[in-house]
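Please describe this structure for someone who has not seen it before.

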Amino acid sequence: MNGVHDMGGLECFGPVVPEPDELFHDEWEKQVLATTLAVGATGTWNLDESRFSREALPPDQYLSIGYYRIWLSALENLLVKHGLVNAEELKSGQSLTPPATIKNVLEARDVTAKLRAGSPVDREVPSKPCFAVGDLVRVVNRHTLTHTRLPAYIRNHSGVIHKIHGAHIFPDSHAIGEGENPQWLYNVRFEAADLWGDARATDGSVHVDCWEPYLSKKP
Amino acid sequence: MADKPTDLHSDHDHHRAHGHHDHDDDHSHLDPTALRVRSLQSLLIDKGYIKQEALNELIDTYENKVGPRNGAAVVARAWADPSYHQWLLEDATAAIASLDFSGRQGEHMVIVENTPEIHNIVVCTLCSCYPWPVLGLPPAWYKSAPYRSRVVIDPVGVLSEFGVTLNKEKKVIVWDSTAEVRYLVLPERPVNSEHLNEQQLASLVTRNSMIGTGLALPIEELPA
């Protein structure tokens, strides 16, 4: 989805102001993090759907309400969408209907093991990768109405395959309930001068991870 | 936003002092978002979807157990041990797991090495992807619009905002974490640090040096 979350290359937000080692601004932010992770562990949705839910917030909200309020709003929306709570319950904080069936409840004693295990997204696929390291590729002119991890600033640009990561779950499918649909994932090198023009040229580069459906052979 | 460029994270109704009045019987002192979060948690606990003890454990993990000292240990080992260094470049996920750091948001690790010719810097332009097992949770600026938007187009300008000026000949490589691969920068080893042990080396490795918005500290800054 072409949205304000896709910020690469914008220059309208002012300078970066480094802060001290501040991970949370307030106690409730920690609670939002923990609640999001714990509800995530119920297995009702996946990380790609979570990201899609955050990106789908109204753009004025996305840019102004703050990071953990984005998480909170997206979590509330997902809970309602998946029928774990209804709007009235959300408003009142009271459980008014029987709970939905969930796959798993995260126990304190399992937290460390679950976090350590993580959720690897590499998969075996029968196909061979279409591209090899060193191949010239062009990013396709792809505009989806749903979740994608193809940033706008590389669309239609040419790059070189730097590394093949293996086949990974394809977020464009995974975020919208169409399964894992694993695709070959490549790290692609783009020259900064090609992305940003000669006036801004440096001899640096930008590397972006791109799934095979984002790429075509350079004509 | 001019006076507070990290405003993606600031809030209208956030009053830091109220964190100290954080009692169940003291809701009148909580800001509206804190009340909203508490109400949601109690609903989800009532429903049986989440447990308070698990929430506490999650917070304790990311506040107290997992953080950039993990990454510093990886870097120091790579500086001190050539075979580990080689392993880290070839299979970062396994090499890092051998030091007991692994898991969520670090399932697929890649190390990018700074050299006299190359400086690497990591960003997630689309959200806030960050290697949690080795660096902990990302700092606010990493998740902010100014950082996410500008690093790819003006990395030298962003670096100057962190007080980092690179030699003009140095090539800057930006890594945009668009997939579930997480990047950790292996900073250049401080000059004249050959005599230091691994623990001393680790104390020179800052969080920002592993994101690429900083450099490792010079040996003069070795803690006493």
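This is a predicted model: local features need pLDDT of at least 70, side-chain atom pairs count only at pLDDT 80 or more; totals for chains, interfaces and linings use all residues.

Residues are numbered from 1 along each chain as its sequence is written, and chains are lettered from A and ligands numbered from 1 in the order in which they are written.

**Chain A**

Chain A has eight helices and six strands. Helices (H or I, at least four residues) and strands (E, at least two) are DSSP runs, numbered from the N terminus. Along the sequence the pattern is α-α-α-α-α-α-β-β-β-α-β-α-β-β. The C-alpha atoms fill a box of roughly 60 × 45 × 35 Å along the principal axes. Of the 219 residues in chain A, 42% are buried. Buried means that 20 or more other C-beta atoms, placed from the backbone, lie within 10 Å of the residue's own. Two residues are in contact if their C-beta atoms, placed from the backbone, lie within 7 Å. Among contacts in chain A with a separation of 6 or more, 66% join residues 24 or more positions apart.

**Strand β5 of chain A**

Strand β5(A) covers residues 205-211; seven of its seven residues are buried, so the strand is largely enclosed by the rest of the structure. Both faces are covered. One side carries A:Ser205, A:His207, A:Asp209 and A:Trp211, and the other carries A:Val206, A:Val208 and A:Cys210.

Two strands pair if DSSP finds at least two bridges between them.

| Partner strand | Residues | Sense | Bridges |
|---|---|---|---|
| β4(A) | 183-191 | antiparallel | seven |
| β3(B) | 171-176 | parallel | four |

**Contact with chain B**

How many residues of chain B are in contact with chain A? There are 74, and they touch 75 residues of chain A. The elements giving two or more residues to this side of chain B include α2 (52-65), α9 (155-161) and β3. Helix α1(B) gives the most, with eleven residues. By class, this side has 37 nonpolar, 20 polar and 17 charged residues. Ala, Val, Leu, Ile, Met, Phe, Trp, Tyr, Cys and Pro count as nonpolar, Asp, Glu, Lys and Arg as charged, and the others, Gly among them, as polar.

Definitions and conventions: A residue is buried if 20 or more other C-beta atoms lie within 10 Å of its own, exposed if 12 or fewer, and partly exposed in between; C-beta atoms are placed from the backbone.
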